[in-house]
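Work through the exercises below with the structure in view. Each task is followed by its solution.

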Amino acid sequence: MNSTDIVQVLVSGLTVGSVLALVALGYNLVFSTTRIVNFAQGSMIVIAGFIAFAMTRAGIPIWIALVLTVIASAVVGVLVELVAIRPLGRFDPSTNVAWILTTFSVGLISIDLIRITIDAQPHPLPPLLDSVFGWTGSRVAGVAITPTDLLIIISTLALMVGIEVLQVRTMLGKAFRAVAQDRQAASLMGINTSAVVRMTFALAGAVAAIGAVLLAPKLFVKLENGLLLGIQAFIAAVLGGLGSTRGAVVGGYAIAFTSAIVKSFSQSSARYEPMVIFALFLGILVIRPAGIFGTPALEKV
Amino acid sequence: MTTPTIPVPTAPDKDAGPRFDVAPRQRRDVRGFVLRFLPVGLLIVGILVFGSSQGTNVKWIDLATEALYLGAAAVGLNILLGYTGLLSLGHAGFLIAGGYAGAVFGPGLMQASWVPAFVQTNSAWFGVPFAFVIGALMGTVLALMCCHLKGFYLTVVTLAFGVFLPSLNEVAREQLGGSAGRTVEHYADTRNAFLARDNSRAGLYYFAALFLLVTIFVTWNLTRSRWGRAYMAIRESELAARVSGVNTYWAKVSSFAQSAGICSVAGWVAAERYLSVQSGGGGDVQNQSFRLVIMVVVGGMGTIAGPIIGAFALTFFFGLAFVQDTFRNYLGLVFGVLGLVTVATAPEGTMGNIRKLVDQAKLRRTKRGEATATKPIPSVTDEMGEPRPRQHDEALPTDLPVLEVVGLTKRFGGLTALADDDLTVRRGT
Amino acid sequence: MNVVSGLYEASAGRIDVNGAEMNELTPYRRNRVGVARTFQNLQVWRRMTVLENVLVGAHSRSTVGLTRSLLGTPGSRRDEAALQERAWGLLHFVGLAERGWEVAGGLAFADQRRLEIARALVNDPDLLLLDEPAAGMHPSEIRDLIDLIGKVRDAGITVLLIEHHVELVMGLSDRVSVLDYGLKIAEGTPAEVRTDPNVVKAYLGDEAVS
């Protein structure tokens, strides 16, 4: 490996890893409270992206559009909960997997609705940061680095810390964990459990909006992001351990760095990259069935 | 459900120890017999009528072929989803794998130079066994690596399988044809005069029909065997299945392998139907798998007729809709809405609701005092009703304790539930 | 009991059945060795029929492989008939034959417990573990249960039962061990244990061997 390769691996590992982690954080928020995975998370990113696109096209500055999109996307999150989870009533998510089908359905429906009502074209969004103190990007050993890359990396880590603090230090976080452990007991303790669940979906929507606006300069706003990016990020979340916030970030980086390293070997090694990642994924699940940072549930008899 | 009559055993049960007396032969339940085989009979008649009347209409016969192989794939998927209770969102991958396996190994391998000349053939039919074996093998390998996982983690692995599968295409680009896919030899293109006789589309249609019937037969047998019951037990409570002597890991793997094998053969038919096979892009496998799952759910999980009804209804519905090609854009929308509505309002699907109606009708008739046909309760000899201790090959010493526990300790985190306990249980006490 | 049936791994210690160590055996292997159990919180397969529930208990009695089952060979049918006969027999034994075709989830609580016992007995166990069989039952149901367990014992099957219900324990057991917070505080015949000062003092958790 020469220095270009090393820089390339570092840059692409960090940026792609952050992209995956950013999306994975949304999965985690919902899972850590409800023990379900919102398979519509990828579609929520697409929806948020289209909302932001509509706003910027109307001439709203990107920073204001970001704030508005976060709010709108939180509402979308609540809607997803209303449509996909609420009708199922009370159920044990570990044995009854109907929620996989309903959240998946909502994801597909929303993508198709966008395709029908708006269009299927990829759309650009202006970057949040053009320059940092006049720095508009540079090349290190022939590898391009832009302020957008830097922003993605930093905001992912900031979001991770923010969510951890929210979960560990605040009353809301305590309510989240109480609902996750035993919903019935939590509701007996005076926690409005359905409000807490709704809250996590709203937060997941907000995270999706931040992700959508941050990623748009790199990945555009497009329908294909929904399923593919969604599933890749989801695999990252499972790898790191669903329910663990730092697990999502570690999982994202693990996949991104593996992929970057495999790609750097030779021209033709890129074709083996998905297989290597799949093998890594299976391998980790064989050793730790609940992911790297996941805690397996104890079986009660 | 299970056979209402106890057939007369003709051979003594080898390992059960004492022989049991022959149970009195029950009168054949004619009405039950007819009701049981009526749906299959109707299906066969329908297939023959449709085949003879529409055999030359390429558009309809192709659509029917599609319905038949999707029906078979849905029945196969139902073994995993409906009976074993495991949700896979990667089974469309096996349809693709089956198509490729049949195309690459079937006629290709049968023409290799080391195959004796009189066996050599370029007939695409030889792809069928390869599709089945390779599909089942892939299913086994995938299942071996994910069946130790709890709950939806298994679904996660199948999702990942769908992401990874198209990349195989890049690895073996020469054989599989890259992202454009590869063409498949027409099943009638063969030097064998007998096989080449029928080159109409109807040949494939009849094969698909036969395949569906075989799938029904196999699933029927499965649900009435110890294996099918073990699968259902895993669905209901894996814990209880484990302590009841079921190797749940192997049961899950075998269920996975069966459904993968059946889906792969369906994939071979699909490849012949389109005369090409491709792996699709990112997300395609998941989308198709989801549609297959919805077919099963809409029809009714855990029944044989349900998946077939679901597959037929949805295929023909879209067959009509495809008159205008723009409808293809609505696939996700329609299946998504169907999935949402079914799961939320009728989780037991069409068949489940039919069964409910039948039960309610029965209940009403019983309330009105009319006799309803009930299955007879077989009576058995007293000997069969006696609990028996295990018969051992060698006589065990009488003073040997059945259970001896020495220094047993069990801790849960910081809590010690058992501390260094001894327990001896003598035989027959 | 969970450790003996293999659902939990022992932190320390050894478990022998018929003189053979089985710490390493998985739960299904232990069932095949001759250890069967019931659950305190019922674990019947609710959507299967009563008969099917018992038949799954007999899973390892048959050696018919998957392929033969799928093809429905005459051998597999014979085997199936033998299993069914035995299953019906045990349903008669626990008094559930009349409801054999019904769905197990529709049975009353006490009947589901009987069904679990039938399911455990169908594989001819050496040792039957009953985990609080009387939990949540009426006195009359408990009396029926005592009769049933007595019949099982008289048939020569060793029964190990965990129970808080004193009448049941004292009426059935040959030997009683009393556990208090994981420590054995007394062991002996019911009469001995009844007068044991430790037991009278603790009188909390008790375990009985019959």
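Two residues are in contact if their C-beta atoms, placed from the backbone, lie within 7 Å. Helices (H or I, at least four residues) and strands (E, at least two) are DSSP runs, numbered from the N terminus. This is a predicted model, in which local features need pLDDT of at least 70, side-chain atom pairs count only at pLDDT 80 or more, and totals for chains, interfaces and linings use all residues. Residues are numbered from 1 along each chain as its sequence is written, and chains are lettered from A and ligands numbered from 1 in the order in which they are written.

**Exercise 1.** Describe how α1(A) and α8(A) pack.

Step 1. Helix α1 of chain A (residues 3-34) and helix α8 of chain A (residues 193-219) pack at about 175 degrees, with axes 9 Å apart. Axes are lines fitted to C-alpha atoms, for helices over the stretch in contact, and angles run from 0 to 180 degrees between N-to-C directions.

Step 2. Angles over 145 degrees count as roughly antiparallel, and α1(A) and α8(A) are therefore roughly antiparallel to each other.

Step 3. Residues of α1(A) in the contact include V19(A), L22(A) and G26(A); among those of α8(A) are V196(A), F201(A) and L215(A).

**Exercise 2.** Describe how α4(A) and α14(B) pack.

Step 1. Helix α4 of chain A (residues 98-117) meets helix α14 of chain B (residues 331-345) at an angle of about 150 degrees, with axes 8 Å apart.

Step 2. That makes α4(A) roughly antiparallel to α14(B).

Step 3. The contact includes L101(A) and D112(A) of α4(A), and F335(B) and G339(B) of α14(B).

**Exercise 3.** How many helices and strands has chain C?

Chain C has 9 helices and 8 strands.

Notes
Parallel < 35°, antiparallel > 145°, perpendicular 65-115°, else oblique.
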